[in-house]
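Please walk me through this structure in the viewer. Tell me what to select at each stop and what I will find there.

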Amino acid sequence: VYNEVIEPGQSWTQAFKMTGTPGTRSGMLEVSSVPPLNLGERLQFLLQYPYGCVEQTLSAGFPQLFVDRLMDLSPEDQKTTAENIKATIERLKQFQTAEGGFAYWPGQSNPDQWASSYAGHFMVEAKAKGYEVPSNLLSDWAKFQKKVARMWDPKMPAFGFGSEESHQLSQAYRLYTLALANQPDLASMNRLRELNELKQGA
């Protein structure tokens with residue numbers, strides 16, 4: 001990797017020796033007006049990332065919704081990212097439980113609260129970008145989110161259910177995703193906002 005800051009009116013030349021077998025080698029030039037993010041390499045990693053748990057699945061698909069805002073994609077990469085996003089939506093079906101939430105691993109029956117918010121966040125953003133998301137996948141998820149939001153008890157950490165901050169943050173994320181889906185639970189939002197001990201992260 002060669003990094004260089006080029007001032008206005010200046011030029012830059014860099015010689016380098018290609019490694020590897022002829023016919024299998026490639027190079028990448030990244031030009032940016034902000035500090036380099038190495039987006040080209042990171043995109044290739046995302047395009048090839050293996051799917052596993054729901055978090056890995058979403059973490060590979062989610063950034064591909066927005067990568068075109070940060071860099072120009074070749075027609076081939078545009079096609080690949082679109083296919084990956086569609087595959088992520090399709091794979092999410094394997095994680096949805098009978099309750100409408102999303103389990104951490106395919107086939108599990110117990111929904112994970114954070115994973116459910118993460119999955120819903122992705123689906124809402126994908127739909128906003130024009131991707132087809134099955135209506136039942138979203139509606140069942142929304143029902144689950146509302147049910148859990150209304151059952152949420154701020155006193156749960158006192159009984160050993162995680163830290164108070166993470167408990168509040170989980171509820172805040174859940175309510176945010178519902179609002180993003182144009183299905184805000186105003187009563188639950190007000191209940192969280194009115195907590196005397198609301199943590200800064202929430």
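**A tour from surface to core**

Start with Ile6. This is a predicted model, and here Ile6 has 44% relative accessibility. Buried residues fall under 20% and exposed ones over 50%, so Ile6 counts as partly exposed.

Together with Ile6 they make a nonpolar surface patch of about 770 Å².

Next, go inside. Select Leu92, Phe102, Phe122 and Met123. Of the 25 residues in the largest nonpolar core, these four touch the most other members. Color the helices that give two or more residues to this core: H2 (54-61), H3 (75-92), H4 (113-128), H5 (135-151) and H6. H4 supplies the largest share, seven residues.

Zoom in on Phe102. Leaving out residues up to four places away in sequence, its contacts include Leu92, Phe95, Pro111, Ala115, Ala119, Met123, Leu137 and Trp141. Gln96, Thr97, Asp112 and Ser116 also touch Phe102.

Then move to a second, separate core. It has five residues, among them Ala149, Trp152, Leu175 and Leu192.

Which side chain makes a polar contact with the side chain of Trp152? Select His167: the two side chains meet at 3.0 Å. His167 lies in helix H6 (residues 164-180). Is His167 buried or exposed? Its relative accessibility is 14%. The limit for buried is under 20%, so His167 counts as buried.

How values were computed
Residues are numbered from 1 along each chain as its sequence is written. This is a predicted model: local features need pLDDT of at least 70, side-chain atom pairs count only at pLDDT 80 or more; totals for chains, interfaces and linings use all residues. Side-chain values use heavy atoms; hydrogens and water are left out. Helices (H or I, at least four residues) and strands (E, at least two) are DSSP runs, numbered from the N terminus. Buried means under 20% relative accessible area, exposed over 50%, partly exposed in between (1.4 Å probe, protein chains only). A polar contact is a pair of N or O atoms within 3.5 Å; within protein, one must be able to donate a hydrogen and the other to accept it, and residues adjacent in sequence count only if both atoms are side-chain atoms. Patches are made of residues with over 30% relative accessible area and no salt bridge: like charges are joined within 9 Å, nonpolar side chains (Val, Leu, Ile, Met, Phe, Trp, Tyr) within 5 Å. Accessible areas come from the Shrake-Rupley method with a 1.4 Å probe; for residues, only the protein chains shown count as cover. A salt bridge is a side-chain nitrogen of Lys or Arg within 4 Å of a carboxyl oxygen of Asp or Glu. A nonpolar core is a set of buried Ala, Val, Leu, Ile, Met, Phe, Trp, Tyr and Cys residues joined through side-chain atoms within 4.5 Å. Contact means heavy atoms within 4.5 Å.
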